[in-house]
Amino acid sequence: MAHPNRRDLGLLVLRAGTGAVLAAHGTQKLFGWFGGGGVEGTSRAMEAMGFSPGRQSAIAAGLGEAGGGALLALGLATPAAGAAAAGAMAGAVSVHAPAGFFAQGGGYEYPAFLGFAAAAIGVTGAGRYSLDHLTGHVLDRPWVVAVAFLGTAFAAAAVVGRRAQGRADSAPDSGPGPEEAPEPS
């Protein structure tokens with residue numbers, strides 16, 4: 001057996017930790033594990049946060065987190081796993097952004113960190129101690145990195161943009177705009 005490589009050991013630790021956190025968070029959404037709301041509760045929460053339709057949003061976020069996290073931990077299809085998890089975290093960042101950066105105030109610090117960690121692993125690769133390495137990197141090719149991250153970027157931008165537009169459309173009207181102002185008497 002080859003001498004252990006610190007880089008590969010470090011990637012294993014980072015993948016396992018990040019993947020486990022993401023997978024646990026996703027199973028809260030999908031199955032109600034660890035005190036989560038399951039699909040039904042998460043669907044209602046997604047609707048309240050402006051993601052529509054709520055059920056599909058809950059399932060997509062849950063799969064991005066649980067599936068992406070599990071695959072990251074295993075080091076399998078690492079580019080797609082990292083991109084999926086990062087995309088799910090982009091949606092979470094959009095929810096927490098109005099509260100600022102720090103998590104203690106409800107900000108986006110935590111989902112941003114998870115998203116950046118997942119993206120970094122997806123771009124870097126899983127390392128020697130992974131299922132990608134064991135399978136000859138069949139699902140970890142440069143073109144997979146490009147396709148996974150471009151696809152996720154477009155999907156996340158569309159979802160977050162649609163949420164922002166929906167929230168703007170439902171915002172209370174602050175009075176007549178210049179074109180709606182009453183005629184002077």
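Let me begin with a convention: angles under 35 degrees count as roughly parallel, over 145 as roughly antiparallel, 65 to 115 as roughly perpendicular, and the rest as oblique. What we have here is a predicted model, in which local features need pLDDT of at least 70 and side-chain atom pairs count only at pLDDT 80 or more, while totals for chains, interfaces and linings use all residues. Residues are numbered from 1 along each chain as its sequence is written, and side-chain values use heavy atoms, with hydrogens and water left out.

The protein has seven helices and zero strands, where helices are DSSP runs of H or I with at least four residues and strands are runs of E with at least two, numbered from the N terminus. Its C-alpha trace spans about 90 × 35 × 30 Å along the principal axes. Of its 185 residues, 35% count as buried, meaning under 20% relative accessible area with a 1.4 Å probe, protein chains only.

Now to one helix pair. Helix α1, residues 6–31, packs against helix α2, residues 38–48, at an angle of about 95 degrees, with the axes 4 Å apart; these axes are lines fitted to C-alpha atoms over the stretch in contact, and angles run from 0 to 180 degrees between N-to-C directions. The two helices, α1 and α2, are therefore roughly perpendicular to each other. On the α1 side the contact, which means heavy atoms within 4.5 Å, is made by Q28, K29, L30 and F31, and on the α2 side by G38, V39 and T42.

Finally, among contacts in the protein between residues at least 6 apart in sequence, 66% join residues at least 24 apart.

Technical notes. Buried < 20%, exposed > 50% of the residue type's maximum accessible area, 1.4 Å probe, protein only.
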